[in-house]
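Here is a short briefing on one protein chain.

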Amino acid sequence: EKGYETGEHAPGLKLGGGGAYKAAHHIIKTHAKVWHSYNNKWRSKQQGMVGISLTSSWGEPVDSHSQTDRDAAERYIQFHLGWFANPIYRGDYPEIMKNYVGRKSAQQGLGTSRLPTFSVQEKTYIKGTSDFLGIGHFTTRYAIQKSFPFLQVSSYHTDRDLAELVDPKWPAPGPKWLYSVPWGFRRLLNFIKTQYGNPLIYVTENGVSEKVQCTQLCDEWRIEYLKGYINEILKALNDGVNVKGYTAWSLLDKFEWNKGFSERFGFYHIDFKNKNKPRYPKASVDYYKKIISANGFPNPREVMS
């Protein structure tokens, strides 16, 4: 969407309301081809696994008793995660996406939907092409129904007929989009379990960047974020979700999309201005090391001798 519709990210194309859907369509078909290629040629020898990593926020209804809010939250997640996961796990785009994009395309006077269709053969070929699901997750949004006036140029955002809200009480230690909402992660993981047949999950990205550069490297908000989110994964495991591994995002400060080096997600601070790029551990390094060595949360009462 950012690469092929709004042009914010590389390759910077502004292809209107169909660009993102077309790009995604090719990605899904290509992914399936790679999976089949591995499955046919190398799996028997190597016994490896091929999966896909999808990054998704969680969408929560503003009022859980309101059907329109619940529907808006469902659309949020289906347009986000379901867009890619549904074809791979269930053989086609979510019905909700097909209905909404199809209707809006017809209103625009287009002969066909801006959301491409898979042939019967393609659906069969794509379904089941993931030995595990990688999940990148950072934050949550409340979703509420919002009808966009009829537009000649529709977009991915207006197709969903929803507005995204945040609770001002949620901590926002990083960039303006990244609010810390740990409970959303457990709900997302449980949604995956029920929607896609409890697939094997590896958490491939989860972390927080910093708004202000902390010269003392005292990133206690990152420690709180990790504690909250990892704890919710443990709850999801107790719910029966098949989470096999966790990767924090990220080891080092690095180049971050169109934010360049200004957005720092790392456990290690990198001095990019110095030609040797020295690395300095932030406080979160010590905390995360303890989690790894204990394979769980360190006991706060335990005195290190």
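Predicted model: local features only at pLDDT ≥ 70, side-chain atom pairs only at ≥ 80, totals over all residues.

**Helix 3**

- Helix 3 covers residues 67-90.
- Helix 3 has 24 residues, yet its end C-alpha atoms are only 25 Å apart.
- A straight helix would reach 34 Å at 1.5 Å a residue.
- G91 follows helix 3 and has a positive phi, near 95°.

**Largest pocket**

- The largest pocket has a volume of about 1,700 Å³.
- Its lining counts 44 residues, and the closest to the centre are K2, H9, T55, H80 and W257.
- Helix 3 gives the largest share of the lining, with 6 residues.
- By class, the lining of the largest pocket holds 20 nonpolar, 12 polar and 12 charged residues.

**Second largest pocket**

- The second largest pocket holds about 340 Å³ of space.
- It is lined by 14 residues, and those nearest its centre are I230, L234, Y246, I291 and N295.
- Helix 8 (220-238), strand 7 (243-246) and helix 9 (283-294) each give two or more residues to this lining.
- The lining of the second largest pocket divides into 10 nonpolar, 3 polar and 1 charged residues.

**Cavity**

- The structure has 1 cavity of 30 Å³ or more.
- The largest cavity has a volume of about 30 Å³.
- Among the residues that line the largest cavity are R222, L226, W249, S250 and F265.
- Others in the lining of the largest cavity include G207, V208, A248, G266 and F267.
- The lining of the largest cavity has 6 nonpolar, 3 polar and 1 charged residues.

**Annotated residue**

- UniProt lists E205 under "active site", in an unreviewed entry.
- E205 lies in strand 6, which spans residues 201-205.
- The relative accessibility of E205 is 21%, so E205 counts as partly exposed. The cut-off for buried is under 20%.

**Cis peptide bonds**

- The peptide bond from A10 to P11 is cis, with omega near 5°. P11 sits in the segment before helix 1.
- The peptide bond from W249 to S250 is also cis, with omega near 5°. S250 is in the loop between strand 7 and strand 8 (268-270).
- W249 and S250 both line the largest cavity.

- W257 is not a glycine, yet its phi is positive, near 50°.
- W257 lies in the loop between strand 7 and strand 8.
- W257 has a relative accessible area of 58%, so it is exposed. The cut-off for exposed is over 50%.
- W257 is also one of the residues closest to the centre of the largest pocket.
- K277 has a positive phi of about 50° and is not a glycine either.
- K277 is in the loop between strand 8 and strand 9 (279-281).
- At 37% relative accessibility, K277 counts as partly exposed.

**A buried loop glycine**

- G174 is in the loop between strand 5 (162-165) and helix 7 (183-195).
- Is G174 buried or exposed? The relative accessibility of G174 is 0%, so G174 counts as buried.
- G174 and H9 are 165 residues apart along the chain, and their C-alpha atoms are separated by 20 Å.
- H9 is one of the residues closest to the centre of the largest pocket.

Definitions and conventions. Residues numbered from 1 in each chain as written. Heavy atoms only, no water. 1 Å grid on protein atoms, 1.4 Å probe; cavity = no way out; pocket = protein on both sides within 12 Å on 5 of 7 lines; lining within 4 Å. Points joined across faces, edges and corners; volume = space filled by probe spheres on them. Helix = DSSP H or I, 4+ residues; strand = E, 2+ residues; numbered from the N terminus. Nonpolar A, V, L, I, M, F, W, Y, C, P; charged D, E, K, R; others polar. Expected span 1.5 Å × (residues − 1). UniProt positions renumbered as here; feature names shortened; annotations may be inferred. Buried < 20%, exposed > 50% of the residue type's maximum accessible area, 1.4 Å probe, protein only.
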